[in-house]
Amino acid sequence: MLGHIVDKVKAAAAGMDGGGKKVMGTVVLMKKNVLDFNDFNASIIDRLDELIGRKVSLQLISAENGDPANGLRGKLGKPAHLEDWITTITPLLAGESAFKVTFDWDEEIGEPGAFLIVNNHHSEFYLRTVTLEDVPGYGRFHFVCNSWVYPAKHYKKDRVFFANKTYLPHEMPIPLRKYRDEEFLVLRGDGKGELQEWDRVYDYAYYNDLGDPDKGPDYVRPVLGGSAEYPYPRRGRTSRPPTKSDPNSESRLPLLMSLNIYVPRDERFGHLKMSDFLAYALKSIAQFIRPELEALCDSTPNEFDSFEDVMKIYEGGIKLPKGPLFDDIMKNIPLELLKEALPVDGEGLFRYPLPQVIKEDMSAWRTDDEFAREMLAGVNPLVIRLLEEFPPTSKLDPKLYGNQNSSITKKNIENNLEGLTIDEAIENKKLFILDHHDTLMPYLRRINTTTTKTYASRTLLFLKNDGTLKPLVIELSLPHPEGDQFGAISKVYTPAEHGVEGSIWQLAKAYVAINDSGHHELISHWLNTHATMEPFVIATNRQLSAVHPIYKLLHPHFRDTMNINAFARQILINAGGVVETTVFPARYSMELSSVIYKNWVFPDQALPKDLKKRGMAVDDPESKHGIRLLIKDYPFAVDGLEIWSAIKDWVGDYCSFYYKTDEMIQQDPELQSWWKELKEEGHGDKKDEPWWPKMQTREELIETCTIVVWVSSALHASTNFGQYPYAGYLPNRPTISRRFMPEKGTPEYDELEANPDKAFLKTITAKLQTLLGLSLIEILSRHSSDEVYLGQRDAPEWTTDATPLKAFEEFGKRLLEIEEEIIGMNNDRQWKNRVGPVKIPYTLLYPTSEGGGGITGKGIPNSVSI
């Protein structure tokens, strides 16, 4: 009946239009009620709006003719409305709907360069694309929108979308320029007022929302950013009011409101990523599961008694006692979450998937070979460096920290160098070091006032003739009990296999793994990818228009970054959050990352420069990529250089198409404003550093954009998606130590002799933190079902320029070739570090992942999206 009435109304309208030329269009969008299962009201009200004439209207904007009555902005065509909104009923979960729109053609419009859209409904929708078929004299036009359009009452300016042409600023048609400039003003905001969900404002703020001083002194954290003491990259501004007890700290949202933390609406997770589900999963861990587990661990000792006990997490699950706790879990966690994110089954068991590191061999993780191999092919292959002097020295200020040089002696290692002297081993570039000493020592005294009891470590390794590394010695250091100025108190441990010496060596390796886990999570992963990339997202949206070539190049590499970082501030890296609970620096975690940021250098994020800086490679014009690896079988570096090179070739081809000369870069006002703001605002605490590229040459632009794409995609993937495969078995990569190395004559030493496994488990991460940590990394290691991988785009018609499209196609082909090369090397037994004792092939830089998401240990998404 409803459809019949609508048809009659349309027929009457068609008879009144005078029968001029028509342009037919297709609008693809997602209605809000598809995404919000509970918002059936939105659907009903929007249909009522249609009946009373409150429709969605579109007007074409001329790229050729300005309107003198409208400030010479491009002339507007007559409004056209989406057709059949009422009768196009989208079933839940079906996603996108296609609507017809019919424009009256006006010859004075000429080439349409943009369109204006007004949503007169009560609820927002996600506008995917608009396509015009057969515009008289011009043919087909396509607009890629990918944006939420809210009801018109929420906007001061109507929404405008540009055709998918690419323009440098001086090339943009004059009638479109004012629309472009007005869009900039909207996106930059005015710095006032609290931002709402429909706002599209990209602005900067300090990390002043990690603490919660109104909850008491235990929740006070320093503001990161804006000071010499605590420099930091900027985050997206949310503009919440200050806390009552500290005007410099921003108030926090209640945990239940975590989904509502402000990011510009188009930066939120897409519906297929199931942002509600993901955020709920994280929220459940932080807020709900944690007290339940604490109650559980109070009723049973908070310890694993044996490695068999640890295996119950994966094999049998951990039984939750029936009763109120179990009932609460069943009530509070939706069924999808029970199945996917938190492994509770109908029997009330917490069960986790078996991590790859113990799938093939239950004990291979304990070998010295695997311990060393993971420095080259694990989740943190970014710290190991060439040892160039012996003994190792410290760069810490001796006035503040006394003598922090290593206490390792020749006697500790010389018998283990396959006949070489130490000098010969150094000369032949055979000695390497995993050095966490200087990073941790300034904070170690404070860290050890928490429940953590740990050391700063140095590990020396020898490169054997078969290309594998052999650990030689581990040094564990503490601050001097009488004060930092008295230097370090250090002990040295050498490999042993049997008896109490073997147990002590296993513990020494565990303390190293704990150092490395913390460095990985806080520095390699969070700081060097998530935090340092967010200013690029903000500056790009504020200073480069959507039609600018560099915007189009970089935009796919920013997908979901602001959203995941906002969630992280809300529930992971905040005071008392999951990271402080499960990673050894505890309440000093983020403060420590701020101190490390002092050493961050943008050009050094380029993979070849990073490898050379660590002494892992040297310039060699005869070698592929122009550098030679000192360890040929360094899987991260071998695969990484292939990916880096492919990215650089693609970026070079792309930038060279739009910028024929260096002068064009110097004379591009948007590009220069982008780079200036990125340095002076986004990374404002580093603005005076001499190493920033000057952005005066094409070479500088290509290198800069290559770094941004590399860090956002491959570098992040290499540190993120192996977390569960390697660290899902906590004894392999423990995150916390709760007591120091046992000393002879103590009950702890006696226990180590009598029951070494129990003593090991009582030293590392406890049961509660293990369960929390596993829940977190299981979620973080998953690909979403709508993942877009490197070499892919979610909109195939992202530009009309054929040469960049062809170059992008070639980039995709090269990545497929790299996949084949990786498979070949993983199957070649000469490369011992690619699989190792645990029999995990190195696939963390394998470009794509199979299936619809999940934990695969492979795949490079375009962006820092989880």
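Arginine 235 is buried, with a relative accessible area of 0%; buried means under 20%, with a 1.4 Å probe and protein chains only. Aspartate 209 also counts as buried, at 0% relative accessibility. The two form a salt bridge, with the closest N and O atoms 3.5 Å apart. A salt bridge here is a side-chain nitrogen of Lys or Arg within 4 Å of a carboxyl oxygen of Asp or Glu. This pair links distant parts of the chain: aspartate 209 sits in the loop between β10 and β11, arginine 235 in strand β11, 26 residues apart.

## Basis of the model

This is a predicted model: local features need pLDDT of at least 70 and side-chain atom pairs count only at pLDDT 80 or more, while totals for chains, interfaces and linings use all residues. Residues are numbered from 1 along each chain as its sequence is written, and side-chain values use heavy atoms, leaving out hydrogens and water.

## Other salt bridges

The count comes to 53 salt bridges. Arginine 200 pairs with glutamate 183, the closest N and O atoms being 2.5 Å apart. Arginine 200 lies in the loop between α4 and β10 and glutamate 183 in helix α4, so the bridge ties together parts 17 residues apart in sequence.

## Overall fold

The protein chain has 28 helices and 20 strands. These are DSSP runs: H or I of at least four residues for helices, E of at least two for strands. Of its 866 residues, 59% count as buried.

Conventions. Buried means under 20% relative accessible area, exposed over 50%, partly exposed in between (1.4 Å probe, protein chains only).
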